[in-house]
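Open your viewer, get ready to select residues by chain and number, and follow along stop by stop.

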Protein chains: 2
Amino acid sequence: MARYLNYPVELLDRFCMEAFGRFGFTEEESRIITDVLLLSDLYGIESHGMQRLVRYHKCIEKGMIKVEAKPSVVFETPVSAVIDGNDGMGQLISHFAMNKAIEKAQKSGMGIVTVRNSNHFGIAGYYAKMACDKGLIGLACTNSEAIMVPTFGRMAMIGSNPIACCAPAEPYPFFFDASTCVVTRGKLEMYNKMGKPLPHGWALDKNGHDSTDAADVLKNIVAKNGGGIVPLGGSTETLGSHKGYGWGMVCELFSSILSMGMTSEKCMQGTKGGICHGFMAIDPAIFGSPEDIKAHFSAYLETLRESPKADGQDRIYTHGEKEHFAMEDRKKNGINVNENTVREMIDMAEYLHMDYKAYFGDFKAGETKMFSGNY
Amino acid sequence: MARYLNYPVELLDRFCMEAFGRFGFTEEESRIITDVLLLSDLYGIESHGMQRLVRYHKCIEKGMIKVEAKPSVVFETPVSAVIDGNDGMGQLISHFAMNKAIEKAQKSGMGIVTVRNSNHFGIAGYYAKMACDKGLIGLACTNSEAIMVPTFGRMAMIGSNPIACCAPAEPYPFFFDASTCVVTRGKLEMYNKMGKPLPHGWALDKNGHDSTDAADVLKNIVAKNGGGIVPLGGSTETLGSHKGYGWGMVCELFSSILSMGMTSEKCMQGTKGGICHGFMAIDPAIFGSPEDIKAHFSAYLETLRESPKADGQDRIYTHGEKEHFAMEDRKKNGINVNENTVREMIDMAEYLHMDYKAYFGDFKAGETKMFSGNY
């Protein structure tokens with residue numbers, strides 16, 4: 001059973017702001033990075049929040065993420081842009097890129113921006129939501145180091161390749177953010193930290209057989225020994241493996257291919273990240289009345305939520321609903337952080353000469369408030 | 001074991017041309033409809049080719065598809081259009097709509113078109129390919145009558161909601177066309193015609209439990225008794241049911257929502273089809289050199305095909321490859337048609353006062369060339 005520690009959102013916010021400031025980011029930059037990471041934890045996407053700090057720490061430490069780098073626009077039209085991230089922090093490059101897509105959508109109706117030479121950007125949904133917050137439809141995707149094994153293959157050749165779509169609706173926006181694998185690598189990292197076996201049908205060992213050993217799968221992915229995570233739809237065509245694999249390829253098309261960047265199987269090697277993203281914003285006004293469209297969508301979402309439930313289920317969720325309630329809960333009750341993640345945060349704090357006890361108390365002596373969770 | 005009859009492509013082409021002409025379509029219109037249906041059979045997507053003629057026959061007969069109807073543009077900007085299909089033939093409306101998206105992409109870089117009040121349009125991939133044939137990236141999607149049960153639900157509330165993406169590549173284009181359910185209704189229809197039990201994990205009975213009885217599931221879908229097909233990812237969140245369900249919703253957003261048309265749960269009732277589509281064309285030149293982008297994509301696709309194979313597999317396919325070879329094979333060796341489908345074609349021919357023997361010989365006496373298939 002993994003142990004979780006509960007911290008107020010404000011404490012984690014202050015911790016991240018100080019840490020990224022010490023890495024050399026400006027306050028405005030630290031604000032963006034922190035917001036992306038915290039939204040993930042607030043939304044209940046534990047895999048991409050504090051849990052990921054260790055990766056940013058390590059990538060900055062080894063020079064894969066260049067703190068001073070600024071994105072540059074290498075190609076542009078009234079509806080599009082290609083951005084070179086110049087190996088900077090993925091969140092900052094992506095925030096810049098999505099803002100550009102939004103500006104173009106506000107002027108031309110639609111904007112599409114692709115990015116090369118970036119780094120991990122956190123949750124795709126954050127950027128899709130940026131457009132939605134302005135009344136637009138937002139789409140965002142990214143490739144990553146290869147973790148997805150194509151149908152009938154045994155080597156990871158495609159990233160987790162999430163695609164997110166966010167659109168205005170009441171009482172909460174439609175917010176869909178999903179890797180095109182059956183699960184993300186972050187989920188495997190969480191199971192590894194929790195010491196739990198993986199469910200069947202998630203991952204393959206280096207010989208291409210089903211594996212429940214998170215540590216072994218993660219090790220093999222890093223060492224490029226073979227194996228990895230299966231596409232959404234599994235490893236056989238019967239349940240649609242080729243479909244998840246196809247979505248992974250669509251993500252690759254709109255990130256690495258159209259930006260002429262690195263495809264997933266080449267990313268994150270040595271000190272080169274090379275991650276690529278794609279962003280799109282669409283103004284619903286190019287189809288008529290945004291208010292009518294929003295009302296039409298909201299009514300359909302409500303019809304789905306109200307439709308008959310399966311035996312043993314009392315609720316049908318629409319996308320963004322769980323995230324909405326998770327955020328309400330966490331703002332009030334704090335965020336639960338896995339103790340291994342807290343250890344990583346303390347390591348990072350020590351690396352940055354921060355006073356970690358100001359945030360976590362005497363965590364190492366085990367005196368902090370603590371409870372058992374089973375996420 | 002289902003029996004299949006083998007016919008040359010030209011014979012099926014002539015048959016469709018005569019049949020649609022007799023329904024009242026012009027030669028140009030019949031050409032488009034026939035091309036859409038035949039591409040499906042040529043590509044090996046048996047579920048959406050000749051197998052579907054019976055549905056068009058029945059929908060025209062009962063007035064759901066209005067032969068004389070022409071699509072009208074109800075809203076337009078330089079990058080977008082909303083089209084009212086006026087209850088016409090889905091293939092004709094969609095051909096018109098995708099051509100409009102292509103024209104806009106050629107002028108403005110991108111074009112997006114949504115359609116309401118249409119009918120079934122065949123395979124989504126046909127329209128995505130129209131853009132690709134002009135050197136553009138094409139996307140197409142459609143809702144349909146409700147067949148997909150949302151995660152934790154027991155009533156079909158969402159269509160099969162396929163999304164297709166086609167993009168230039170060598171030696172064959174990237175062609176991805178997949179319903180967002182685990183399988184299409186057409187697949188269930190095929191299993192029903194073949195008298196085979198469904199694989200586990202495809203469909204739910206009216207109480208929301210796994211079912212292998214194609215006839216029962218199809219009957220319940222039509223009668224709206226409950227049950228239907230599960231999303232890509234199954235019926236539980238563990239294997240990603242919420243992801244397939246989310247993709248189904250994205251399809252709905254870009255078809256019925258943005259066009260202010262009928263959402264899937266309202267489609268195909270009484271004599272109203274109400275099907276909605278979405279089309280997008282993107283000129284790769286808005287990102288730089290189309291030739292460089294195509295070469296970059298082609299190289300990645302080749303890398304995937306050449307990557308190590310799983311135990312017992314000797315080939316990794318990229319999307320569009322199977323379709324390419326299926327077409328080569330069928331153009332040379334003819335198309336295999338399920339005998340039940342041939343019976344439906346003969347019924348239709350008799351309804352249209354066609355001389356079916358000119359096409360199928362004395363099929364009913366069983367004298368034609370015949371073989372057993374196991375598709």
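Before the first stop, one term: two residues are in contact if their C-beta atoms, placed from the backbone, lie within 7 Å. Keep in mind, too, that this is a predicted model.

**Stop 1: two helices in chain B**

Select residues 53-61 of chain B, which form helix α3, and residues 339-351 of chain B, which form helix α11. Their axes are 9 Å apart and the helices pack at an angle of about 30°. The crossing of α3(B) and α11(B) is left-handed. Which residues of α3(B) meet α11(B)? Show L53(B), V54(B) and H57(B) on the α3(B) side, then E344(B), M345(B), M348(B) and Y351(B) on the α11(B) side. By class, the residues of this contact of α3(B) with α11(B) are 5 nonpolar, 1 polar and 1 charged. As you turn the view, remember that an α-helix has 3.6 residues a turn, so residues three or four places apart point the same way.

**Stop 2: an enclosed helix**

Stay in chain B and select helix α6, residues 185-194. Of its 10 residues, 7 are buried, so α6(B) is largely enclosed by the rest of the structure. Colour the buried ones: R185(B), G186(B), K187(B), L188(B), E189(B), M190(B) and Y191(B). What covers them? The cover includes β8 (203-204), α7 (214-223) and β10 (228-229) of chain B.

**Stop 3: where the chains touch**

Show both chains together. Here 64 residues of chain B are in contact with 64 residues of chain A. Among the elements giving two or more residues to the chain B side are β2 (72-77), β4 (110-118), α8 (241-257) and α9 (290-305) of chain B. That side has 34 nonpolar, 22 polar and 8 charged residues.

**Stop 4**

Move to chain A and find the open sheet of 3 strands, in the order β9-β8-β10, with antiparallel pairing. At the edges stand β9 (210-211) and β10 (228-229) of chain A; each has a single partner strand, so one side of each is left without a neighbour in the sheet. Strand β8 (residues 203-204) of chain A pairs with β10(A) over 2 bridges. Select A203(A) and you will find I229(A) of β10(A) opposite.

**Stop 5: a lysine to finish**

Select K100(A), in helix α4 (residues 90-108) of chain A. Is K100(A) buried or exposed? K100(A) is buried, because 22 other C-beta atoms lie within 10 Å, and the cut-off for buried is 20 or more. K100(A) touches A81(A), G111(A) and V113(A), leaving aside residues up to four places away in sequence.

Technical notes:
Residues numbered from 1 in each chain as written. Chains lettered and ligands numbered in written order. Predicted model: local features only at pLDDT ≥ 70, side-chain atom pairs only at ≥ 80, totals over all residues. Axes fitted to C-alpha atoms, helices over the stretch in contact; angles between N-to-C directions. Helix = DSSP H or I, 4+ residues; strand = E, 2+ residues; numbered from the N terminus. Left-handed = near helix turned anticlockwise from the far one by under 90°. Nonpolar A, V, L, I, M, F, W, Y, C, P; charged D, E, K, R; others polar. Buried ≥ 20, exposed ≤ 12 C-beta atoms within 10 Å, placed from the backbone. Pairing = 2+ DSSP bridges.
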